[in-house]
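Subject: Structure handover

Hello,

Here is the structure for you to look over. My notes follow below it.

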Amino acid sequence: RILIADDSATIQRAFSLVFGALEDVTLAQARSFDEAVTLARQGARPDLVIADAAFGSRSGYDLCATLKSHGALRGIP
């Protein structure tokens, strides 16, 4: 399970093309900071997060810090 957190439709599509054909990979896509946090905490429970460094008004680093502060998500690379 990979969470792609990027506000660019082009980047979202590129990751879908690369990983979408793999049978053992499930993609969750978020176009905003809040959507990424919600997906990670609720349904998606990703094994990997790929986040845009410049992610709207916040950064991908902010997203990582937020996820790392949540006990169950602390170990996600």
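How many residues apart are Phe15 and Phe19 in helix 1, and what separation along the helix is that? They are four residues apart in helix 1 (residues 9–19), so about one helical turn separates them. Bear in mind that this is a predicted model.

The aromatic side chains

The structure holds one aromatic pair. It is formed by Phe15 and Phe19, whose ring centres lie 6.0 Å apart. Their planes meet at 5 degrees, so the pair counts as stacked. Phe15 is partly exposed, at 23% relative accessible area. Another ring has a charge over it: Arg58 lies over the face of Phe33, 4.2 Å from the ring centre.

Three strands make an open sheet in the order 2-1-3, with parallel pairing. Strand 2 (27–30) and strand 3 (48–51) stand at the edges. Each has a single partner strand, so one side of each lacks a neighbour in the sheet. From one strand to the next, the twist averages 15 degrees. Strand 1 (residues 2–5) pairs with strand 2 in the parallel sense, over four bridges. Leu3 stands opposite Ala28 of strand 2.

The helices on the sheet

Helix 1 packs on the sheet and touches strand 1, strand 2 and strand 3. The direction of helix 1 makes about 175 degrees with that of strand 2. Helix 2 (residues 33–41) also packs on the sheet, touching strand 1 and strand 2. For helix 2, the angle with the direction of strand 2 is about 150 degrees.

Best wishes

Note on methods
Residues numbered from 1 in each chain as written. Predicted model: local features only at pLDDT ≥ 70, side-chain atom pairs only at ≥ 80, totals over all residues. Heavy atoms only, no water. Phe/Tyr/Trp six-rings, centres within 6.5 Å; stacked < 30°, edge-to-face > 60°. Helix = DSSP H or I, 4+ residues; strand = E, 2+ residues; numbered from the N terminus. Buried < 20%, exposed > 50% of the residue type's maximum accessible area, 1.4 Å probe, protein only. Lys NZ or Arg CZ within 6 Å of the ring centre and 35° of its normal. Pairing = 2+ DSSP bridges. Axes fitted to C-alpha atoms, helices over the stretch in contact; angles between N-to-C directions. Contact = heavy atoms within 4.5 Å.
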